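Hi,

Here is the structure I promised to pass on. Have a look at it first, and my notes follow below.

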Amino acid sequence: MNSSRRQFLTTYASLAAGATFGSSLFLSGCRTKKTKKRSLKLGVTGWSAQGYRKVIEELGFTEQTGIEVEVIVRPNATNELLTQMASSVLAGTSPYDLIDLEDSAAMSLSRSRWLMGLDNLIDQSVWDDFTPQLMEMTKVWDQYEGQTFRVHHNFEMCYWWYRKDWFEQKGIALPKTWDDVKEMGEIFTDKNRGIWASEEALMKNSYLSVYLEWLGCQAGSSPYELDDNFRDCLKYAHDLIFKHSVMNPACTQKNYDQQNNDYIADRVAFMRQWPFFYDVCKQHKDWYSDEKVACGLPPVGPGGKTVSTFAAGWGWAIPNTSLMKEEACQLLKFFINTENASKMPQYSDWFLNARKSVLASTKGSKLAEYLKMYLDAGVVGTRPFHQSRYTEALAKVENVASAYLTNQINLDQAMASRKLKLERL
């Protein structure tokens, strides 16, 4: 667990020890202190801020409620956000009344009794609008000790992007299994020209953990289980780099930006990446074409077709220390209302999710097309999760895997170290 998260949890635990939360883990009411009237503060990422402003204005939230909303850009990095929150908790306040949270931040904040219970705000019509895949995500990632602390507004999965033009030139099909992927190095990799069959962002403390979770999902396993099933995943990743020349060894020191840049520089034939990659590609108008950025179904691993990839996402939560809980509750209910939810993706793909109304209303969007393709194909599993201490488990597994993938330790040492570190949790 990194120092920023540890600092936050330690600070909050000491505060919570002297506070009365009642019998429930979360505060469930929307009552708030009477304060001088101000704008409701909505904390969002920088890349989504404009979409939020359009939704609030065009769907008429302020006109309908009289509540002014200030869209504030929160820190993009989870660690920075948690450090900011710790300072606010000390002051008994919050920089945001409603906040858009990623999975890792939501885990830390909810387990620290920092977020308000939301079940009394969610009508049955909203639950009925969730597909089974979104409902499963909610149970694992948005609920804790019987209460809902976050509502997902997007449903993003690791897609399988590929150079359709290259595959057609070679006269071959997209790899459908792990074994097929192993063969791609011989077909596409040209080390002299700096071209590799595939690439990943495997830098430690960057996004290596996502790749490990994805492999674990494909294997029908998890990086966080105390068994040896994850051994095959680590060996497979190592072999793709050092045995089959599918991926460049340099990818162990790369982040998402570098991975994406290599693809756009015509150095990668196919790769796993989140949907934001599609928007990145479209910005390069002189380079982009549908044949260069095609999306196909991912390869099937040992776990079978139904866990070929997993979905993650962001969602809304209300801090317990918000000074405008009543207003925050109104904005949350506005966002999750089925009619509004079905309209929001037209303003930004950031609001694209697996709700039935959303899937029925999105037309002309490539990402919506890919989302439906994956759901219809039945290849979407649930993101691997450590029930008690997710962020700590993630960091420990990532450290071990990074040491193995950079040849600092062997596979037996990696598995023994991983098991010992997880047992200590």
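I started with the aromatic rings, and counting ring pairs gave 34 aromatic pairs. One of them is Y159 with W161, an edge-to-face pair with 5.9 Å from centre to centre and 65° between the planes. Keep in mind throughout that this is a predicted model.

Both of those residues are buried: Y159 has a relative accessible area of 3%, and W161 comes out at 0%. W161 also pairs with F277; here the ring centres are 5.6 Å apart and the planes stand at 65°, so this pair is edge-to-face. If you want to colour the whole group, ring pairs link Y159, W161, Y263, F277, Y278, W287, Y288, Y370 and Y374 into a cluster.

R111 sits over the ring of Y144, 3.8 Å from its centre, and R272 sits over the ring of W214, 6.0 Å from its centre.

How far can you trust the coordinates? The mean pLDDT of the protein chain is 91, with 92% of its residues at 70 or more. The stretch to watch is residues 1-24, where pLDDT is below 50; in the model this stretch still has 37 contacts beyond near neighbours in sequence. Where pLDDT is low, the predicted coordinates should not be read in detail.

Next, helix 19 (residues 411-423). Its 13 residues should span 18 Å at 1.5 Å a residue, and the C-alpha atoms at its ends are 18 Å apart, which agrees. Which of its residues are buried? In helix 19 they are L411, A414, M415, R418 and L422. Looking down the axis of helix 19, you find these buried residues within an arc of 95°, so they line one face of the helix.

Most residues other than glycine have a negative phi. N205, however, has a positive phi, near 65°. N205 is in the loop between strand 9 (196-198) and helix 10 (208-218), and it is exposed, at 63% relative accessibility. S245 has a positive phi as well, near 55°. S245 lies in the loop between helix 11 and helix 12 (256-264), but it counts as buried because its relative accessible area is 18%, and the cut-off for buried is under 20%.

Last one: P298, in the loop between strand 11 (294-296) and strand 12 (309-312). Is P298 buried or exposed? P298 is buried, at 6% relative accessibility. Leaving out residues up to four places away in sequence, P298 touches W160, W214, Q218, S308, T309, Y374 and V379. Two of those names have come up already: W214 has the charged end of R272 over its ring, and Y374 belongs to the aromatic cluster.

Technical notes
Residues are numbered from 1 along each chain as its sequence is written. This is a predicted model: local features need pLDDT of at least 70, side-chain atom pairs count only at pLDDT 80 or more; totals for chains, interfaces and linings use all residues. Side-chain values use heavy atoms; hydrogens and water are left out. Rings of Phe, Tyr and Trp (its six-membered ring) pair if their centres lie within 6.5 Å; planes under 30 degrees apart count as stacked, over 60 as edge-to-face and the rest as tilted. Buried means under 20% relative accessible area, exposed over 50%, partly exposed in between (1.4 Å probe, protein chains only). A charge sits over a ring if NZ of Lys or CZ of Arg is within 6 Å of the ring centre and within 35 degrees of the ring normal. pLDDT is the predictor's confidence in each residue, from 0 to 100. Contact means heavy atoms within 4.5 Å. Helices (H or I, at least four residues) and strands (E, at least two) are DSSP runs, numbered from the N terminus. The expected span of a helix is 1.5 Å times one less than its number of residues. The arc is that of the directions from the helix axis to the C-beta atoms.
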